Amino acid sequence: MSGKYLVTGGAGYVGGVVAQHLLEAGHEVVVLDNLSTGFRRGVPAGAAFVEGDIRDAARWLDPSFDAVLHFAAFSQVGESVVRPEKYWDNNVGGTMALLAAMRGAGVRRLVFSSTAATYGEPEQVPITETAPTRPTNPYGASKLAVDHMITGEAAAHGLAAVSLRYFNVAGAHGEHGERHDPESHLIPLVLQVAQGRREAVSVFGDDYPTPDGTCVRDYIHVADLAEAHLLALDAATEGEHLVCNLGNGNGFSVREVVETVRRVTGHPVPEIVAPRRGGDPAVLVASAEAARERLGWKPSRTDLAGIVADAWEFAQKTAREQ
């Protein structure tokens, strides 16, 4: 059955891909984005677009909407450390206003874009949803605060909600890929070196307790991620706030990513070893058992070379457009 969905932050990377998947499934989509970090061309064709702020969501939400998928957040860890007030204001204050707008309009289903940054330094890997939540930066703390807010909203007002805690999202889907400015994610940064847009990639620390000394991360293809959001819409249960990790359950080191980019692109990628960054755990790998059991979700694009190849194709296409 088709539905009508508001996608906040739908001009961004993940929000745009999820909006595209909703359209492909036959749903009506309205994207709400203030374009502070998103791009107008990131809104998929077929979606209605409203340029506006989530604090004003009550202007557009009405009972005709079946659910909200919420991606409108600032997500730069480094920036959150030096400008925490920006993250509390938008990520927490903005979501509070959105929840009030949903309550007022009688829209009682929500899928929230959460993050593995809520866990901070893990005690054990793979990380399950029962792991302690001890974020090491204001970005992760703001997302965790929203998760707590949603739990209260579900208990008090019957909201049907699912929070999806992503690990490292990568790859591209059709016209949609990473366009962050500035770029901070590893795979697109390494691809910029392959394109000649950067001289070298910085490897922050090569003395971690991992097989090659560099950090290990769990990479999930953005299309697999999007499919989880559609499944979450069906799994949302009145009065319950379900939290699920999304990841492949496999880890790839920084050096493995760099070597895969070299192999996929055929370009040399010089690397420079730099000091460790504070707060970077050695290994972050997800347990996605809850998503498998509760959502019926299983990632299908788990090959790192395939993820990199999709991202490389998108990077080349956007470079030609510039």
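Biologist: Which strands form the open sheet of 3 strands, and in what order?

Modeller: A word first: this is a predicted model. The order of that open sheet is E12-E9-E14, and its pairing is mixed.

Biologist: In what sense do strand E9 and E14 pair, and over how many bridges?

Modeller: Strand E9 (residues 216-217) and E14 run in the parallel sense, with 2 bridges between them. One to look up: valine 216 has valine 283 in E14 as its bridge partner.

Biologist: Is serine 287 buried or exposed?

Modeller: Read the relative accessible area against the cut-off. Buried means under 20%. Serine 287 has 13%, so it is buried.

Biologist: Which residues does serine 287 touch?

Modeller: Leave out residues up to four places away in sequence. The contacts of serine 287 are then Pro126, Ile127, Thr128, Glu129 and Asn245.

Biologist: What is the strand order in the sheet of 7 strands?

Modeller: Read across the sheet: E3-E2-E1-E4-E5-E6-E11. This sheet is open too, and its pairing is parallel. Strand E3 (48-51) and strand E11 (241-246) stand at the edges; each has a single partner strand, so one side of each lacks a neighbour in the sheet. On average, neighbouring strands here are turned by 20 degrees against each other, direction ignored.

Biologist: How many bridges join strand E1 to strand E2?

Modeller: There are 5 bridges between strand E1 (residues 4-8) and strand E2 (residues 28-33), and the two run parallel.

Biologist: Which strands does helix H3 touch?

Modeller: Helix H3 (residues 84-105) packs on the sheet and touches E1, strand E4 (67-70) and strand E5 (109-115). The direction of H3 makes about 170 degrees with that of E4. Now find helix H6 (residues 222-235). Helix H6 lies across E1, E4, E5, strand E6 (160-166) and E11, at about 160 degrees to E6.

Biologist: Which lysine lies over the face of phenylalanine 65?

Modeller: Look at the charged end and the ring centre. Lysine 4 lies over that face, at 4.4 Å from the ring centre. In another case, the charged end of lysine 86 is over the ring of phenylalanine 74, 4.3 Å from its centre.

Biologist: How many aromatic pairs does the structure hold?

Modeller: Such a pair is described by the distance of the centres and the angle of the planes. The structure holds 1 aromatic pair.

Biologist: How many residues of H5 are buried?

Modeller: Count along the helix. In H5, 9 of the 9 residues are buried, so the helix is largely enclosed by the rest of the structure. Among them are Leu186, Pro188 and Gln192. Just after H5, glycine 196 takes a positive phi of about 85 degrees.

Biologist: What does glutamine 192 touch?

Modeller: Glutamine 192 is in helix H5 (residues 186-194). Its relative accessibility is 11%, so glutamine 192 counts as buried. Leaving out residues up to four places away in sequence, it touches Glu183, Arg197 and Arg198. With arginine 198, the side chains make a polar contact of 2.5 Å.

Note on methods
Residues are numbered from 1 along each chain as its sequence is written. This is a predicted model: local features need pLDDT of at least 70, side-chain atom pairs count only at pLDDT 80 or more; totals for chains, interfaces and linings use all residues. Side-chain values use heavy atoms; hydrogens and water are left out. Buried means under 20% relative accessible area, exposed over 50%, partly exposed in between (1.4 Å probe, protein chains only). Contact means heavy atoms within 4.5 Å. Two strands pair if DSSP finds at least two bridges between them. Helices (H or I, at least four residues) and strands (E, at least two) are DSSP runs, numbered from the N terminus. Axes are lines fitted to C-alpha atoms, for helices over the stretch in contact, and angles run from 0 to 180 degrees between N-to-C directions. Rings of Phe, Tyr and Trp (its six-membered ring) pair if their centres lie within 6.5 Å; planes under 30 degrees apart count as stacked, over 60 as edge-to-face and the rest as tilted. A charge sits over a ring if NZ of Lys or CZ of Arg is within 6 Å of the ring centre and within 35 degrees of the ring normal. A polar contact is a pair of N or O atoms within 3.5 Å; within protein, one must be able to donate a hydrogen and the other to accept it, and residues adjacent in sequence count only if both atoms are side-chain atoms.
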